[in-house]
Amino acid sequence: YFADLFAQRDAMSGVEPVLSLRYSDNAHLADIPALRADLQPKSACRIPLKARLRRRYRAPYEAAAVNQRHTLAQLSAGAFDVFHPTYYDAYFLEALGGKPLVVTVYDLVHELCPEYYLTDTRIREKERVIRRADRLIAISHATKKDLVETYAIAPDKIDEVVLVGGSTRV
């Protein structure tokens, strides 16, 4: 979905999307020529030995931590018009200030079927991000309906994704 947005940026008049990642193993993003120069595989992420020794489980978390620091630095600089994160982690909320936030919601399966999932802070983080969002993109009519019923979000604040010729359109 996000790779498709970046791939279509030339068709978006006056819009210059910025990828706030340094490390990713996402093959779809790596296929976009304009991003290839800046995006590195997660395996390329190296932190100082002393910091690595302090972490017992560091595998994907090193890249995630670097990506978060990079994103926070970009947000703090304020050189953006709209922020559209790829996940519901709320680490960026304070750094947004008053800038608009757009969030894509794929489903509410954890909220609707909690008996099948471990209860953790991610659901609360997701709710915080959804409630802070200025606009929501739902990937289906069912997801939009679930947002309205579960979080009492106004339907006019939610746009549905439509699949047109293999590409997503909002």
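Select isoleucine 137 and then aspartate 159 in β3, its bridge partner. The model is predicted, with pLDDT of at least 70 needed for local features and 80 or more for side-chain atom pairs, while totals for chains, interfaces and linings use all residues. Residues are numbered from 1 along each chain as its sequence is written, and side-chain values use heavy atoms, without hydrogens and water.

Next, show β2 (residues 135-138) with β3: the two pair in the parallel sense over 3 bridges (pairing takes at least two DSSP bridges; strands are DSSP runs of E of at least two residues, helices runs of H or I of at least four, numbered from the N terminus).

Now select Pro85, Thr86, Tyr87, Tyr88, Val103, Thr104 and Tyr106, which line the largest cavity. On a 1 Å grid over the protein atoms alone, a cavity is a set of points where a 1.4 Å probe fits but cannot get out; a pocket is an open set with protein on both sides within 12 Å along at least five of seven lines; lining residues have an atom within 4 Å of a point. The largest cavity holds about 30 Å³ (points are joined across faces, edges and corners, and volume is the space filled by probe spheres set on them).

Finish at the second largest pocket, with about 250 Å³ of space. Its 13 lining residues include Tyr87, Tyr88, His110, Arg122 and Lys126, the closest to its centre. Colour α8 (121-132), the source of the largest share of this lining, 3 residues.
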